[in-house]
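Q: Please take a close look at the aromatic pairing in this protein. Then go on to the strands, the helix and the charged pairs.

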Amino acid sequence: NVEMASPVSVTEVQESAIKKYNSTNGTAVSSAEVELTSDMAGEYHLQINPRTKQPYKLGDKVMAGEIIVKLTNREYENDIAIDSKKLSLEIAQQDEVKKRALYEKGGVTQSEIRNAEVTITNATYSYENALISLEKMNIKAPFTGIIVNLPHYTRDVQLAAGTSIATIMSYEKMVMEINLPESAINEVKSGQEVAITHYTLPKDTIWGTVSELS
């Protein structure tokens with residue numbers, strides 16, 4: 001009789017996590033997207049990207065608050081009259097200071113002080129609204145993201161109100177909506193770690209978490 005030796009391997013028994021995977025497919029999309037449009041008519045001026053020292057272009061990263069496009073409109077600015085409103089506020093503040101000094105000496109009444117305060121309040125609102133109106137001439141990025149659409153307009157061309165200026169998407173966080181079989185629902189909970197793989201990923205697998213369950 002010929003005895004056959006069977007190769008065996010021995011390993012020490014240890015505790016380890018038991019994992020069960022439920023696989024599904026989905027499309028990852030940006031967590032935020034916005035289309036920027038002009039609130040007013042004006043001449044188009046594409047701004048310089050401070051990182052590239054070149055005008056903003058498709059695919060550029062923009063930081064929150066950066067001005068992508070400026071619109072100019074002399075008639076619009078004249079109607080706002082920002083300098084006049086600022087001067088009116090300063091005059092109202094100076095008048096209120098004078099009235100308070102006179103009030104301490106009995107030169108004016110409490111009612112006149114209150115009227116001066118109302119004048120300051122109205123002048124402040126008028127000035128702040130003018131600043132808000134002027135800000136509409138600056139097309140800013142509301143969050144940090146990538147320019148995914150940037151229609152071409154010739155510099156100084158007149159754009160109408162409501163014109164599409166740019167579209168920005170944020171890819172710092174991606175969202176994927178998936179469907180799971182009924183048998184897997186009880187095994188999934190918010191905050192649970194998720195493995196995401198794609199053949200184009202250099203490291204093959206990235207990790208996310210379950211944010212919401214329906």
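A: One aromatic pair turns up in a search of the whole structure. Its partners are Y44 and Y153: the ring centres are 5.2 Å apart and the planes stand at 65°, so the pair is edge-to-face. (Rings of Phe, Tyr and Trp, the last by its six-membered ring, pair if their centres lie within 6.5 Å; planes under 30 degrees apart are stacked, over 60 edge-to-face, the rest tilted.)

The model is predicted: local features need pLDDT of at least 70 and side-chain atom pairs 80 or more, while totals for chains, interfaces and linings use all residues. Numbering starts from 1 along each chain as its sequence is written, and side-chain values use heavy atoms, without hydrogens or water.

Y44 sits in strand β2 (42-46) and Y153 in the loop between β8 (145-149) and β9 (158-159), so the pair ties together parts 109 residues apart in sequence. (Helices are DSSP runs of H or I, at least four residues; strands are runs of E, at least two; both are numbered from the N terminus.) Y44 is buried at 3% relative accessibility. Y153 is partly exposed at 21%. (Buried is under 20% relative accessible area, exposed over 50%, partly exposed in between, with a 1.4 Å probe and protein chains only.)

β8 also belongs to an open, antiparallel sheet of four strands, ordered β1-β10-β8-β5. (Strands pair if DSSP finds at least two bridges between them.) Nine bridges join β1 to β10 (164-176). S30 faces M174 of β10.

Next, helix α2 (82-104). Its buried residues are I82, L89, A92, E96 and K99. They pack against α1 (74-80) and α3 (110-135). (Contact means heavy atoms within 4.5 Å.)

K99 also forms a salt bridge with D95, the closest N and O atoms being 3.0 Å apart. (A salt bridge puts a side-chain nitrogen of Lys or Arg within 4 Å of a carboxyl oxygen of Asp or Glu.) Both residues lie in α2, four residues apart, about one turn of the helix. D95 is partly exposed at 32%. Salt bridges with shared partners link E96, R100, R114 and E117 into one network.

The whole structure holds eight salt bridges. One of them joins R51 to E66 at 2.8 Å, N to O. R51 is partly exposed at 41%, whereas E66 is buried at 14%.
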